[in-house]
Amino acid sequence: MADQKRAVPENVAGNFFVDFTCINCDTCRQLAPETFADAGNNSCVSHQPANSDEERKALRALLSCPTASIGTRRKSKTQEVVADFPLTIEADVFYCGFNSAKSYGANSFFVRHKDGNWLIDSPRFVKSLVEQFKRLGGIKYIFLSHQDDVADAGKYASTFGASRIIHNEDAQAEPDSEIVIKGEKPKQFGDEFRVIPVPGHTRGHMVLLYKDRYLFAGDHVFFDPASKRLTASRRHCWYSWQHQTESMASLIGLSFEWVLPGHGQRVHFDKKEMRKQMKDLVERMRAPSQHWQEE
Ligand code: SF4
């Protein structure tokens with residue numbers, strides 16, 4: 001629970017505050033950009049919510065903060081907002097909320113599908129989400145993009161009898177996984193889901209392509225709102241930047257409109273613009289290292 005005695009000095013006065021336990025994961029800034037801002041090493045409240053819509057978004061951020069670093073000085077309607085999750089992104093694609101500190105606050109997603117639902121990386125194991133997932137028809141597959149974002153996948157797998165999908169090279173993070181992908185060949189699940197190994201960020205990183213429209217990207221690629229372009233993180237590349245670059249190039253020929261990352265901002269472009277953005281990103285990644293600009 002956030003402690004107002006430990007509130008960061010950058011907060012503006014008012015009901016909401018961020019305290020010193022913040023790990024600067026960006027979740028609150030994605031969910032409520034009107035209220036939260038980057039203060040360098042942590043987030044802060046830069047504007048207090050000005051209306052009920054902004055307040056609801058700020059409360060969603062409070063609930064999703066992986067370290068419980070956001071608090072309110074007055075009693076809030078948090079219980080009412082719990083039921084907002086999972087939040088619809090588009091059609092049957094949802095953002096789960098309740099980001100986990102075990103995955104450094106990574107985003108996780110849920111897809112409702114006639115042949116069985118998918119959880120993409122794992123949120124915290126919380127009762128309200130479990131109930132919502134039951135209401136939406138349970139979970140058939142849990143796609144684990146890489147070793148860092150498994151969080152509570154095991155608990156969700158045993159609750160729903162779901163099959164966890166992970167790459168062999170990252171499988172030590174979830175050794176009991178039911179489906180282990182080997183090598184770099186994509187694997188199709190039904191007509192609409194394709195699991196694609198993209199080594200780079202980690203040796204066994206994978207992305208999931210759904211309906212040739214949604215790319216669940218883990219920590220492979222994300223959107224930088226400041227430069228308004230797709231990017232990747234060289235600083236947080238744990239295995240091989242060269243492999244990550246070539247993995248990125250292998251995605252250029254695919255068709256998708258959404259990038260839904262674990263860390264960093266999601267984005268929607270039409271297919272033409274997305275392909276242009278991907279080509280541009282690969283070109284920048286292939287340039288000599290001194291020219292790479294970390295976003
Ligand atoms: S969600 Fe929590 S931990 Fe993440 S940046 Fe915001 S206050 Fe910090």
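## Before we start

Keep in mind that this is a predicted model.

## The largest pocket

Let's begin with the largest pocket, which has a volume of about 780 Å³. It is lined by 25 residues, and the closest to its centre are C25, F222, H236, H263 and G264. If you want to find your way there, strand β16, covering residues 222-224, is a handy landmark: with three residues, β16 gives the largest share of the lining.

What sort of residues make up this lining, by class? There are 10 charged residues, along with eight polar and seven nonpolar ones. Both domains take part, too: domain 1 (4-72) and domain 2 (85-286) each contribute at least three residues to the lining of the largest pocket.

## The second largest pocket

Next up is the second largest pocket, with a volume of about 260 Å³. Here 15 residues form the lining, and those nearest the centre are M1, A2, L62, I70 and G71. The largest share, three residues, belongs to β4.

By class, the lining of this second largest pocket has nine nonpolar residues, five polar ones and one charged.

## Helix α6

Now head over to α6, the helix that spans residues 241-250. Which of its residues are buried? They are W241, Q244, T245, S247, M248 and A249. What do these buried residues pack against? Their partner is α7, which runs over residues 271-286.

Have a look at the start of α6 as well. There, a side-chain oxygen of S240 comes to within 3.4 Å of the backbone nitrogen of Q242.

## A217, tucked into a strand

Our last stop is A217, which sits in strand β15 (residues 214-218). Is A217 buried or exposed? A217 counts as buried because its relative accessible area is 0%, and the cut-off for buried is under 20%.

Who are its neighbours? Leaving aside residues up to four places away in sequence, A217 touches H205, V207, V259, L260 and P261.

Note on methods
Residues numbered from 1 in each chain as written. Predicted model: local features only at pLDDT ≥ 70, side-chain atom pairs only at ≥ 80, totals over all residues. Heavy atoms only, no water. 1 Å grid on protein atoms, 1.4 Å probe; cavity = no way out; pocket = protein on both sides within 12 Å on 5 of 7 lines; lining within 4 Å. Points joined across faces, edges and corners; volume = space filled by probe spheres on them. Helix = DSSP H or I, 4+ residues; strand = E, 2+ residues; numbered from the N terminus. Nonpolar A, V, L, I, M, F, W, Y, C, P; charged D, E, K, R; others polar. Domains from an automatic or database assignment. Buried < 20%, exposed > 50% of the residue type's maximum accessible area, 1.4 Å probe, protein only. Contact = heavy atoms within 4.5 Å. Polar contact = N/O pair within 3.5 Å; in protein donor to acceptor, adjacent residues only side chain to side chain.
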